[in-house]
Amino acid sequence: SDGTPSCADNLGNTYTANGKVWDSFNGQGGAMFYAPVTIGGACTVTVTHPNTAYRRLGIMEISGLDASPSDGNAIQVQDQPGTGTDAHTSGNLGTTVTDFLFGCHQNIGEADPSAGTVTQGTNYTAAEKTGTEIGMMEYRVSVPAGTVAATFTRSNDIRPINGLMAFKEGGGAVAPAVRRFWGGFRR
């Protein structure tokens, strides 16, 4: 069932919810969080959600962002757009400054979640992908203010959740440092 997830780490950093969606058709949802790290060091991130049947977690550490980084988000469940090579999108987001863009894609509608392949959108860099094509993360650096979207291409027709978070860049070099995507399981 739908519910309100939360996110925390063992160092005590504060995580902010940054978009959530629920697909009642497939009984799956997606949520995004971010935390400006004020307490550094090796940490364990924990996401708690009342729905335990499906779990996947993608984490990206980004250096060089503004202290108050959020410049908006977009997240949506997208119906199967057709057949063949299909484009999937987070939906459009209007940004206000030069941003680092983080996109995520989650296959929620394929009977065989390892079927097909997923690739990053145009001008995006693939950050991490589950080994079975279930999900993917992508990013772009120094994107001028305007209308943006996270996009992904799949070789098969599926129903996904796609998300985008835009983060204001700070004064220095911006780059992803650590990327991880863990697969979940079905009960």
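Student: Which strand holds glycine 72?
Tutor: Glycine 72 lies in strand 6, residues 65-77. Strands here are DSSP runs of E, at least two residues; helices are runs of H or I, at least four; both are numbered from the N terminus.

Student: Is this experimental or predicted, and how are residues numbered?
Tutor: This is a predicted model: local features need pLDDT of at least 70, side-chain atom pairs count only at pLDDT 80 or more, and totals for chains, interfaces and linings use all residues. Residues are numbered from 1 along each chain as its sequence is written, and side-chain values use heavy atoms, with hydrogens and water left out.

Student: Back to glycine 72. What is it in contact with, leaving aside neighbours within four places in sequence?
Tutor: Asn18, Leu93, Leu164, Met165 and Ala166. Contact means heavy atoms within 4.5 Å. The C-alpha atoms of glycine 72 and methionine 165 are separated by 6.1 Å, yet the two residues are 93 apart along the chain.

Student: Now the core. Which residues touch the most other members of the largest one?
Tutor: Met60, Ile62, Phe100, Phe102 and Phe167, out of 17 residues. Strand 3 (28-34), strand 5 (57-63), strand 9 (99-107), strand 12 (135-143) and strand 15 each give two or more residues to this core. A nonpolar core is a set of buried Ala, Val, Leu, Ile, Met, Phe, Trp, Tyr and Cys residues joined through side-chain atoms within 4.5 Å. Buried means under 20% relative accessible area, exposed over 50%, partly exposed in between, with a 1.4 Å probe and protein chains only.

Student: What about a second core?
Tutor: There is a separate one of twelve residues, including Leu101, Tyr124, Leu164 and Ala166.

Student: Tyr124 has a charge over its face, I think. Which residue is that?
Tutor: Arginine 140, at 5.6 Å from the ring centre of tyrosine 124. The rule wants NZ of Lys or CZ of Arg within 6 Å of the ring centre and within 35 degrees of the ring normal.

Student: How many aromatic pairs?
Tutor: Two. Rings of Phe, Tyr and Trp (its six-membered ring) pair if their centres lie within 6.5 Å; planes under 30 degrees apart count as stacked, over 60 as edge-to-face and the rest as tilted.

Student: Why is tyrosine 34 with phenylalanine 167 called edge-to-face?
Tutor: Their planes are at 65°, with centres 5.6 Å apart, so the pair is edge-to-face. Tyrosine 34 lies in strand 3 and phenylalanine 167 in strand 15, so the pair ties together parts 133 residues apart in sequence. Tyrosine 34 is buried at 17% relative accessible area, and phenylalanine 167 is buried at 4%.

Student: And the other pair: which residues?
Tutor: Phenylalanine 100 and tyrosine 139, stacked at 5.7 Å centre to centre with 10° between the planes. Phenylalanine 100 is in strand 9 and tyrosine 139 in strand 12, 39 residues apart. Phenylalanine 100 is buried at 0% relative accessibility, tyrosine 139 at 14%.

Student: Last topic. How many salt bridges?
Tutor: One. Aspartate 23 pairs with arginine 159, closest N and O atoms 2.9 Å apart. The cut-off is a side-chain nitrogen of Lys or Arg within 4 Å of a carboxyl oxygen of Asp or Glu.

Student: Are those two buried or exposed?
Tutor: Both aspartate 23 and arginine 159 are buried.
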